[in-house]
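Visitor: I would like to go through this structure with you, one question at a time. Could we begin with the terms and then turn to the chain itself?

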Amino acid sequence: MREQEKKLLENLLAEGFEIVKNRSEVLLPAPEGRTTMCPGGCGHDLTDTILARVIEDKVKKYDDLTERGFELFFPVGCEVFGYYWFAHKEGVGADREHGIDSNECAHGRATSEATGYKLAMPEKIVITRQGDGDFAGIGLADSLHTFRKGVNLLVIYSNNAYYSMTGAQSAPTTPKGVVTKTEPLGSSENPIRMAEHAALLDGTVFSVRVAPIDRSSYKELKHWMSEAIDWQYKNRENPYAGTCLIEVLSPCPVFQRNKETPTCEDFIREKMLPIYETGVFKNKIGD
Ligand code: SF4
């Protein structure tokens with residue numbers, strides 16, 4: 001196991017996320033006991049692991065979420081096979097009572113597809129799991145209009161600064177100067193800060209950015225997921241109650257590590273945090 005992966009696992013275990021040892025009932029026993037993410041400490045894995053634990057807690061807390069209470073939307077990108085490892089009541093994990101259904105979306109369209117679903121079935125807890133190429137690039141219009149409208153859903157957005165799934169081309173989130181496959185001399189454009197943009201829109205009720213690079217930030221990520229889901233649950237009669245965004249500065253061990261930044265933590269600290277400030281940009285949902 002690589003150093004980076006070992007550290008992530010140690011941190012997760014230290015914060016009580018035993019889920020990584022004994023996979024949550026919410027996560028299917030994926031092929032060979034792992035997801036389809038690259039090995040080595042991928043941030044998508046980390047975020048999905050924490051989300052699975054939060055969903056598990058909510059299904060125990062709210063009886064009426066047991067029967068397919070969660071609707072997850074996975075678009076194209078590194079989350080493309082999310083439906084495969086999040087338990088699917090009618091799929092491979094049909095014998096389990098975990099209350100999740102999943103949808104695979106066209107590239108960039110997760111918030112639009114989730115909007116349609118939420119308007120038809122407001123009682124469901126609707127969550128999209130998007131990457132930066134999808135949420136901030138190809139799907140930018142869909143994303144901003146969802147927040148403008150204030151559709152009552154939660155976007156959990158992993159920003160790793162590249163179009164990673166297709167080989168680390170420049171994305172709208174790539175910090176200036178960062179070397180990519182399409183810009184070997186360094187990105188020449190300004191990146192977009194989605195948490196700040198979302199906060200400006202009237203339909204947004206919550207917007208936060210978290211960098212899960214230490215133990216306390218894992219707890220923070222779990223806390224905000226839990227708060228946003230509780231809020232959606234309490235307001236489930238109103239499909240326009242407001243939209244929540246959790247942006248995660250996400251480790252990508254395949255493309256963020258190089259001579260200049262030997263670990264993903266180095267990349268996030270040195271290349272991303274100077275541009276992507278962490279913190280809460282809007283909060284109308286409570287603590
Ligand atoms: S390319 Fe990077 S972000 Fe995508 S699955 Fe692999 S490690 Fe994770």
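Guide: Two residues are taken to be in contact if their C-beta atoms, placed from the backbone, lie within 7 Å. Please keep in mind throughout that this is a predicted model.

Visitor: How many helices and how many strands are there in the chain?
Guide: The chain has 287 residues, of which 52% count as buried. Among contacts with a separation of 6 or more, 73% are between residues 24 or more positions apart. The elements in the chain are nine helices and nine strands.

Visitor: Against which elements do the buried residues of helix 4 pack?
Guide: Helix 4 covers residues 110-120, and its buried residues are Ala-110, Thr-111, Ser-112, Ala-114, Thr-115 and Lys-118. Some of these positions can be read with the helical repeat in mind. An α-helix has 3.6 residues a turn, so residues three or four places apart point the same way. The buried residues of helix 4 pack against strand 1 (70-74), strand 3 (125-131), helix 5 (132-138), helix 6 (140-149) and strand 4 (154-159).

Visitor: How are helix 4 and helix 6 oriented to each other, and what is the make-up of their contact by class?
Guide: The two axes come within 7 Å and cross at roughly 40 degrees, and helix 4 and helix 6 are therefore oblique to each other. Thr-111, Ser-112 and Thr-115 of helix 4 make the contact with Asp-142, Ser-143 and Thr-146 of helix 6. By class, this contact of helix 4 with helix 6 has no nonpolar, five polar and one charged residues.

Visitor: Which elements do the buried residues of helix 6 pack against?
Guide: In helix 6 the buried residues are Asp-142, Ser-143, Leu-144, Thr-146 and Phe-147, and the helix is followed by Gly-150, whose phi is positive, near 80 degrees. The buried residues of helix 6 pack against helix 4, helix 5, helix 7 (194-200), strand 7 (204-210) and strand 8 (243-249).

Visitor: Is Phe-147 buried or exposed?
Guide: Phe-147 is found in helix 6, and, leaving aside neighbours within four places in sequence, Phe-147 is in contact with Ala-198, Leu-201, Gly-203, Thr-204 and Thr-243. The C-alpha atoms of Phe-147 and Thr-204 are separated by 5.3 Å, although these residues are 57 residues apart along the chain. Because 26 other C-beta atoms lie within 10 Å, Phe-147 is buried.

Visitor: How does Asn-283 count, and why?
Guide: Asn-283 lies in strand 9, residues 279-283, and its C-alpha atom is separated by 6.6 Å from that of Ser-207, 76 residues apart along the chain. Because Asn-283 has 15 C-beta neighbours inside 10 Å, this residue counts as partly exposed.

Visitor: What is the handedness of the crossing of helix 2 and helix 8?
Guide: The axes of helix 2 (residues 43-61) and helix 8 (residues 215-234) come within 10 Å and cross at roughly 45 degrees, which makes helix 2 oblique to helix 8. Ile-50, Leu-51, Arg-53, Val-54 and Lys-58 in helix 2 meet Tyr-218, Leu-221, Lys-222, Met-225, Ser-226 and Ile-229 in helix 8. By class, the contact of helix 2 with helix 8 has seven nonpolar, one polar and three charged residues. The crossing of helix 2 and helix 8 is right-handed.

Visitor: How do the residues of the shell around the ligand divide by class?
Guide: The ligand is surrounded by Met-37, Cys-38, Cys-42, His-44, Cys-78, Asn-160, Ser-164, Met-165, Cys-252, Pro-253, Val-254 and Phe-255. By class, these shell residues divide into nine nonpolar, three polar and no charged.

Technical notes:
Residues numbered from 1 in each chain as written. Predicted model: local features only at pLDDT ≥ 70, side-chain atom pairs only at ≥ 80, totals over all residues. Buried ≥ 20, exposed ≤ 12 C-beta atoms within 10 Å, placed from the backbone. Helix = DSSP H or I, 4+ residues; strand = E, 2+ residues; numbered from the N terminus. Near = placed C-beta within 6 Å. Nonpolar A, V, L, I, M, F, W, Y, C, P; charged D, E, K, R; others polar. Axes fitted to C-alpha atoms, helices over the stretch in contact; angles between N-to-C directions. Parallel < 35°, antiparallel > 145°, perpendicular 65-115°, else oblique. Left-handed = near helix turned anticlockwise from the far one by under 90°.
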